[in-house]
Amino acid sequence: MKMTAITFAVLMAAGASPSAAAAEVKVLTAGAFKQVLVALLPEIEKQSGNKVALDNDTVGALVKRIEAGESFDLAVLTPGALEGLAGKGKIVAGSATKLARVGIGVVVKEGAPKPDIGSVEAFKQALLAAKSIAYIDPAAGGSSGIYVSGLLDKLGIAADVKAKSKLIHGGAVAEHIANGEAELGIHQISEILPVKGIMLVGSLPDAIQNYTVYAAGVGAQAKQSDAAKAVLKVLSGPAAAGVLKSKGMDPP
């Protein structure tokens, strides 16, 4: 790639080397964190001069892909998933950095009545009263779907809800609510907020809330290891704080 003196100066001012400018960093990211990454792409490219290629899937699906040998530079998963992959030589040991946490919320279509979910009992009754309920299929490996499935068992209403459940295999649950495919949805708040045509009812009651923590680790066989570290620096730095809040996430 031909590089002018001006281009070189801009890259050096941003703290990037000329070779880093040509790097494309492959980032595998779990669903809920994708919105944060997309919002931070301009800052990442500004600070490092690198381009980022995002690939989005559930935590469970990404773990399987990585275990099967898929190449990548940086992975945004849960700390437990990263630890397991580090033990198998897929993630650089000690590179995992916690980035954010996100809770689970309830969503309905825009203009629909908001159910009372202010207490555990109220939430339970809202689920029993809903004609249809959407959440991530736990078999797909999504953290919110796995938790919701266990929560329904814990509340003793799994059988009642199963018959009217719409299990989502990919994408945002809120999109299915907006399309009228289900009356009430349960998903991570960061996945609800970007969708048009819906209303966030609120977070699950504190007694049954579950936070998913997201962290990033560098691939042990990363082709762009230094560039991946530069991306990680932005994701864990001050530029990310405001973006996290706007996307319904909190610091880890």
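Glutamate 175 lies in helix 9, which spans residues 173–178, where helices (H or I, at least four residues) and strands (E, at least two) are DSSP runs numbered from the N terminus. At 42% relative accessibility this glutamate counts as partly exposed; buried means under 20% relative accessible area, exposed over 50%, and partly exposed in between, with a 1.4 Å probe and protein chains only. Glutamate 175 and lysine 196 are 21 residues apart in sequence, and their C-alpha atoms are 7.9 Å apart in space.

The structure is a predicted model, in which local features need pLDDT of at least 70 and side-chain atom pairs count only at pLDDT 80 or more, while totals for chains, interfaces and linings use all residues. Residues are numbered from 1 along each chain as its sequence is written, and side-chain values use heavy atoms, with hydrogens and water left out.

The mean pLDDT of the protein is 89, and 91% of its residues reach 70 or more, pLDDT being the predictor's confidence in each residue, from 0 to 100. Over residues 1–20 pLDDT stays under 50, and the model has 18 contacts beyond four places in sequence for them; contact means heavy atoms within 4.5 Å. Where pLDDT is low, the predicted coordinates should not be read in detail.

For the protein as a whole, there are 12 helices and 10 strands, and 47% of the 252 residues count as buried. A compact globule with 252 residues would have a radius of gyration near 18 Å, and the 20 Å of the protein agrees with this; the radius is taken over C-alpha atoms, and the globule rule is 2.2 Å times the number of residues to the power 0.38. Of the contacts with a separation of 6 or more, 78% are between residues 24 or more positions apart.

Strand 3, residues 74–77, is covered on both faces, with Leu74 and Val76 buried on one side and Ala75 and Leu77 buried on the other. Its pairings are set out below; two strands pair if DSSP finds at least two bridges between them.

| Partner of strand 3 | Bridges | Direction |
|---|---|---|
| Strand 1 (residues 24–30) | 3 bridges | parallel |
| Strand 10 (residues 212–218) | 4 bridges | antiparallel |

Within these pairings, leucine 28 stands opposite alanine 75 in strand 3, and valine 76 stands opposite alanine 216 in strand 10.

In helix 5, residues 79–87, the buried residues are Ala81, Leu82 and Leu85. Seen down the helix axis, these buried residues fall within an arc of 95 degrees, so they line one face of helix 5; the arc is that of the directions from the helix axis to the C-beta atoms. On the other side of helix 5, Glu83 and Gly87 are exposed, whereas the cover over its buried residues includes helix 4 (59–67), strand 3 and strand 10. Just after helix 5, glycine 89 takes a positive phi of about 75 degrees.

Helix 11, residues 225–235, has Ala227, Ala228, Val231, Leu232, Val234 and Leu235 buried. The buried residues of helix 11 fall within an arc of 160 degrees when seen down its axis, so they line one face of the helix, while Asp226 and Lys233 are exposed on the other side.

Serine 144 lies in helix 7, residues 143–155, and at 3% relative accessibility serine 144 counts as buried. Leaving aside neighbours within four places in sequence, serine 144 is in contact with Ile104, Ile136, His187 and Gln188.
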